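This report describes the fold of one protein chain and several of its residues. Please keep the sequence and the model in view while reading.

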Amino acid sequence: MTPPRPLGRRFYARPTLRLARALLGAWLCRRQGDSVLRGRIVEVEAYTDDAASHARGRRRTPRNAVMFGPPGCAYVYFTYGMHHCVNVVAERDGVPGAVLLRGLEGLPAANGPGRLCRALDIDRRLDGLDLTVGDALWIEPGRRRHGERVVVATRIGIRTDVELPWRLYLAGSPGVSRRDRAAEASLA
């Protein structure tokens, strides 16, 4: 088995929106027994301390404490009483920021954050896990393919008055949970 090549802490210690873009094309890896499942990250959403974030107003709670650092950790939460979601912590210690992983290529049924977590057996046991270690869950370097374009759209399922264009995805990828045709048309 090839040894893990996890991205280092410096990769994650950047503004949340910059990390979101940098994660597109990278590989999310999950060890399960003697095997490693890998999916190429194709859709993400950024969250800081805005009104739609668990860290809104920079209020730290037991649930969102991982979002405040250190960068490069997994922030996993349970939502709607049925789905787990995995985020990658950004920024520097003390500054809340995380990137929700919404879609992967290369794994069946990994489009959408809940499906992604089910496909990789990600749940609250991995909350706070250091992704830079390369043990149970980590991210390896990757890149966008020649000609792949990044679509910038609003986040999905936000019920506040915050309509921020903080969802990014790779145009044409089958791993994207929901296409935004208007945003895609602006690429042409």
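D121 is placed in the loop between α3 and β6, where helices (DSSP runs of H or I, at least four residues) and strands (runs of E, at least two) are numbered from the N terminus. Its phi is positive, about 55°, although D121 is not a glycine. D121 counts as partly exposed because its relative accessibility is 36%; buried means under 20% relative accessible area, exposed over 50%, and partly exposed in between, with a 1.4 Å probe and protein chains only.

The model is predicted: local features need pLDDT of at least 70 and side-chain atom pairs count only at pLDDT 80 or more, while totals for chains, interfaces and linings use all residues. Residues are numbered from 1 along each chain as its sequence is written, and side-chain values use heavy atoms, with hydrogens and water left out.

**Other loop residues**

A109 also has a positive phi, near 55°, and is a residue other than glycine. A109 is found in the loop between β5 (98-105) and α3. With 51% relative accessibility, A109 counts as exposed. P70, in the loop between β2 (35-47) and β3 (74-79), is joined to G69 by a cis peptide bond with omega of about 5°.

A136 counts as buried because its relative accessibility is 18%. Apart from neighbours within four places in sequence, A136 is in contact (heavy atoms within 4.5 Å) with C29, R30, R31, L126 and L129. A136 and Q32 are separated by 104 residues in sequence, yet by 7.6 Å in space, C-alpha to C-alpha.

**Strands and their partners**

In strand β6 (residues 137-140) both faces are covered: L137 and I139 on one side, and W138 and E140 on the other, are all buried. Strand β8 (residues 167-170) is likewise covered on both faces, with R167 and Y169 buried on one side and L168 and L170 on the other. Two strands pair if DSSP finds at least two bridges between them.

| Strand pair | Sense | Bridges |
|---|---|---|
| β1 (residues 27-32) and β6 | antiparallel | four bridges |
| β2 and β8 | antiparallel | three bridges |
| β7 (residues 150-153) and β8 | antiparallel | four bridges |

Within these pairs, L28 has I139 in β6 as its bridge partner. Y169 in β8 stands opposite E43, and V151 also stands opposite Y169.

**The chain as a whole**

The protein chain contains four helices and eight strands, in the order α-α-β-β-β-β-β-α-β-β-β-α along the sequence. Its C-alpha trace spans about 45 × 40 × 35 Å along the principal axes.

Of the 188 residues, 51% count as buried. Among contacts between residues at least 6 apart in sequence, 61% join residues at least 24 apart. The accessible surface, from the Shrake-Rupley method with a 1.4 Å probe, comes to about 9,100 Å², and 50% of this belongs to carbon and sulfur atoms.
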